[in-house]
Amino acid sequence: MTPFWKQCFAVSSVTLNTISSGMCIGFNASLFSDLRRSREIHLDKDSESWLASLIGITTLIGCLFTSLIIDRIGRRPAVLISSVLMVCGWITFSLASSFSALLLAKIFQGTSVGLGTTMGGILIAEYSSPKYRGSFIATKPTAMLIGITTSHLLGLFYNWSHISLILLFCSLPGLIIPIFTPESPTFLATKGRYDECRKVFRWLRGPEDDDEVEKIIEADMIVKKPKKSYTKNVPKLIKENLTYFIMSFKKREFYIPVFIAIHLNAIFQFSGAIVYDSYPLDIHTALYGTDIYMVKVIASLDMERMLSTALAIYLTSRIRRRPLLFAFVGLNVLAFLCVAGYIYARRHNLLPFDHIAIVIFLQHFHMFTSGAGATSLTTILSNELYPMANRGLCGLICNAFFSIYMFVNIKTAPYLFSLIGVDGTFCAYAVVLFYSLVVSYYMVPETKDKTLQEIEDKLRGYSITHRGEAMKLKDVEF
């Protein structure tokens, strides 16, 4: 088996976990539409918004535990725990007969998504070589869309309880594959297990990347020297963790990636894809004036988003990340404004002529820009920037903001629709995207074809493996 296929096998554990997360998000459309029709479990506007947005809160809970798990226990156990929670969620859904049972299922699944969101991109970045890293990370949003599409397509033939049973069995491979994948070589290095790190790294990459693993080990040994002497003077674990947290924020290679990722996560969350998945009926009715075409349009949008993320995978292997990000997110802002303008003009009878082809084009143009740029490129860039020594803490903070954004976005959407309309809401999202894009223009570095260590050194301002610079780092920290 060649290194490429070995990396594909290792990455597949994250991919399957991400597909399960997508199925969880896509399940909302079938769940809410079926319950609105059948009234099997009564949901009003508030309870529906809480049920939809609960994933944001529980994802935050999952993120809080992720840092502890991936830094202390390992990356692979995080994948296994996430998969177990997802399976528990589907079992609870299949047996649910009350609103409280639905909430419990959402808690299981949201915590699973929180673990998977934080850990997945980090693990892919650590498994893969610079040549394939961008493409592998871009498979995360593609896998998410596969899961969402699967849930939507099943909604054409089955009700929500039957879908939950089918998706339960679809989630089982994500529980089995991680058992046979290796632990992350970067995690092994941070635990001082250097021989195992070299062995796993060579199995994944082959002998041609031996220089990279030696740089990772050397950098870890340099960083650990001040930590060892300091830890002996701090007997209490809580004080150690507090000191670690404070010291981390004093490092350029820590606070700059966190600041960048917070804005990239805002682009991801407010690009429109999450709201389309959570409240398709409201948006579709605002665009078409009816819900007759909704199922067909959702299916076509899902297929287009998968194609656009596949295009992003190809483009990231050929073109630099920064130009792609600015081009696609800029078009995403334009798409928001065009869709909002169409809805406003249609509602106030300002259109000189109207045709269903216009709204179909605008809606698909919006989803294309979101899939190719906001969801794919932000995922790639965010997970390439975290420093080795603080990767878990970086992931925790950034994905905490990701969860907060998700909760705020999903929870407020129906109220914004009522207050300022779908068109006004889309204009507000366009402002958020434009601001985040301006910040990204000045802050985001180019990461294509660079190792994670090279990216970290770029953000730090110097190479930590250089002995003279390493002594400067010790002086600054002490």
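Colleague: Where is N349 found?

Modeller: This is a predicted model, and in it N349 sits in the loop between helix 16 (321-347) and helix 17 (356-374).

Colleague: What is phi of N349 near?

Modeller: The general idea comes first: most residues other than glycine have a negative phi. For N349 the angle is near 55°, a positive value in a residue other than glycine.

Colleague: Is N349 buried or exposed?

Modeller: Exposed means over 50% relative accessible area. N349 has 70% relative accessibility, so it counts as exposed.

Colleague: Let us step back to the whole chain. How many helices and strands does the chain have?

Modeller: There are 21 helices and zero strands. Of the 478 residues in the chain, 58% are buried.

Colleague: What share of the contacts with a separation of 6 or more comes from residues 24 or more positions apart?

Modeller: That share is 83%.

Colleague: Which residues of helix 3 are buried?

Modeller: A residue is called buried under 20% relative accessible area. In helix 3 the buried residues are R75, A78, V79, S82, S83, L85, M86, V87, G89, W90, T92 and F93.

Colleague: And I81, is it buried, partly exposed or exposed?

Modeller: I81 is in helix 3. Its relative accessible area is 35%, so it is partly exposed. Not counting residues up to four places away in sequence, I81 touches I69 and L115. L115 is 34 residues from I81 along the chain, and their C-alpha atoms are separated by 8.1 Å.

Colleague: What does N17 touch, not counting residues up to four places away in sequence?

Modeller: N17 belongs to helix 1 (residues 3-38). With that exclusion, N17 touches V79, S82, S83 and G116. V79, S82 and S83 are among the buried residues of helix 3.

Colleague: Is N17 buried or exposed?

Modeller: Read it from the accessible area again: N17 has a relative value of 4%, so it is buried.

Colleague: With which side chain does the side chain of N17 make a polar contact?

Modeller: The partner is the side chain of S83, at 3.5 Å.

Colleague: How should I read a pair of helices? At what angle do the axes of helix 5 and helix 6 cross?

Modeller: Take the axes first, then the residues that meet. The axes of helix 5 (residues 130-154) and helix 6 (residues 160-171) cross at roughly 140° and come within 10 Å. This crossing is right-handed. On the helix 5 side, T150, S151 and L154 meet I163, I166 and L167 of helix 6. Sorted by class, the contact has four nonpolar, two polar and no charged residues.

Colleague: Where does I319 lie?

Modeller: I319 is in the loop between helix 15 (294-316) and helix 16. Its relative accessible area is 35%, so I319 is partly exposed. With neighbours within four places in sequence left aside, I319 is in contact with L324 and K448. K448 is 129 residues away along the chain, and the C-alpha atoms of I319 and K448 are separated by 8.1 Å.

Methods: Residues numbered from 1 in each chain as written. Predicted model: local features only at pLDDT ≥ 70, side-chain atom pairs only at ≥ 80, totals over all residues. Heavy atoms only, no water. Axes fitted to C-alpha atoms, helices over the stretch in contact; angles between N-to-C directions. Helix = DSSP H or I, 4+ residues; strand = E, 2+ residues; numbered from the N terminus. Left-handed = near helix turned anticlockwise from the far one by under 90°. Contact = heavy atoms within 4.5 Å. Nonpolar A, V, L, I, M, F, W, Y, C, P; charged D, E, K, R; others polar. Buried < 20%, exposed > 50% of the residue type's maximum accessible area, 1.4 Å probe, protein only. Polar contact = N/O pair within 3.5 Å; in protein donor to acceptor, adjacent residues only side chain to side chain.
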